[in-house]
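Me: Hello! I would like a close look at one part of this model, with the terms and cut-offs spelled out as we go. Could you take me through it?

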Amino acid sequence: KKLKKIAKKYNIHLLWPNCLGFADTWNWLNLSFGSELSKKWNIGIISQSGAMAVAITDILESRKLWFSQFFSLGNKTDLDETDVLQELMDDRETRVIALYLENISRGREFLERLTQITPTKPVIIMIGWVSERGKKATASHTGSLSGDRLIYEATLRQGGAILTYELGE
């Protein structure tokens, strides 16, 4: 709470805690616990889970695909999925956006942003609360409540998102 208060006072944004960090391959910037940067590509990744961020980048690389930027959100002390979605919307190098979410902080704003992006960039969302196992993992990872699955799915589809339920998809 103290760090958040200081950051707010000086207009510093935090991507923290409980996250892997941030990386941008086009600017060779790696502020993460991940390995060295891979090749430049055009897939923007947002993941609330650091482990899922690593899994997604590993799968991409095994298929000879790479990312432009990735953001691991963790517990979202300051920045959240809506803020980062805006960044990827504005990024010229990012042409596809992939998200792994365990919850959505500002639903209405997120939907508005999603609706702005999807006509020009596909947005693929894997939601972590679909199965009972996923709900338990989500609750233990972030302590968050996931909300009603059908409402989330309908809303995300309304915004133009492509939903996926397994990492391999």
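How many residues in the lining of the largest pocket are nonpolar, how many are polar and how many are charged?

Reply: Happy to! The lining divides into 14 nonpolar, three polar and three charged residues. Here Ala, Val, Leu, Ile, Met, Phe, Trp, Tyr, Cys and Pro count as nonpolar, Asp, Glu, Lys and Arg as charged, and the others, including Gly, as polar.

A word on the basis: this is a predicted model, in which local features need pLDDT of at least 70 and side-chain atom pairs 80 or more, while totals for chains, interfaces and linings use all residues. Residues are numbered from 1 along each chain as its sequence is written, and side-chain values use heavy atoms, without hydrogens or water.

Back to the pocket, whose volume is about 420 Å³. A pocket is an open set of points, on a 1 Å grid over the protein atoms alone, where a 1.4 Å probe fits, with protein on both sides within 12 Å along at least five of seven lines; lining residues have an atom within 4 Å of a point. The points are joined across faces, edges and corners, and the volume is the space filled by probe spheres set on them.

Of the 20 lining residues, Leu60, Ala98, Ile124, Leu167 and Glu169 are the closest to the pocket centre. Two or more lining residues come from each of α2 (50-62), β5 (96-101), β6 (123-127) and β7 (162-164). These elements are DSSP runs numbered from the N terminus: helices are H or I with at least four residues, strands E with at least two. Strand β5 supplies the largest share of the lining, four residues.

While we are at β5, look at leucine 101, which sits in this strand. Leucine 101 counts as buried because its relative accessibility is 0%; buried means under 20% relative accessible area, exposed over 50% and partly exposed in between, with a 1.4 Å probe and protein chains only.

Asparagine 11, between α1 (2-9) and β1 (21-24), has a positive phi of about 55 degrees without being a glycine. Lysine 76, in the loop between β4 (67-72) and α3 (81-90), is another non-glycine residue with a positive phi, near 55 degrees. With a relative accessibility of 60%, asparagine 11 counts as exposed, whereas lysine 76, at 13%, counts as buried.
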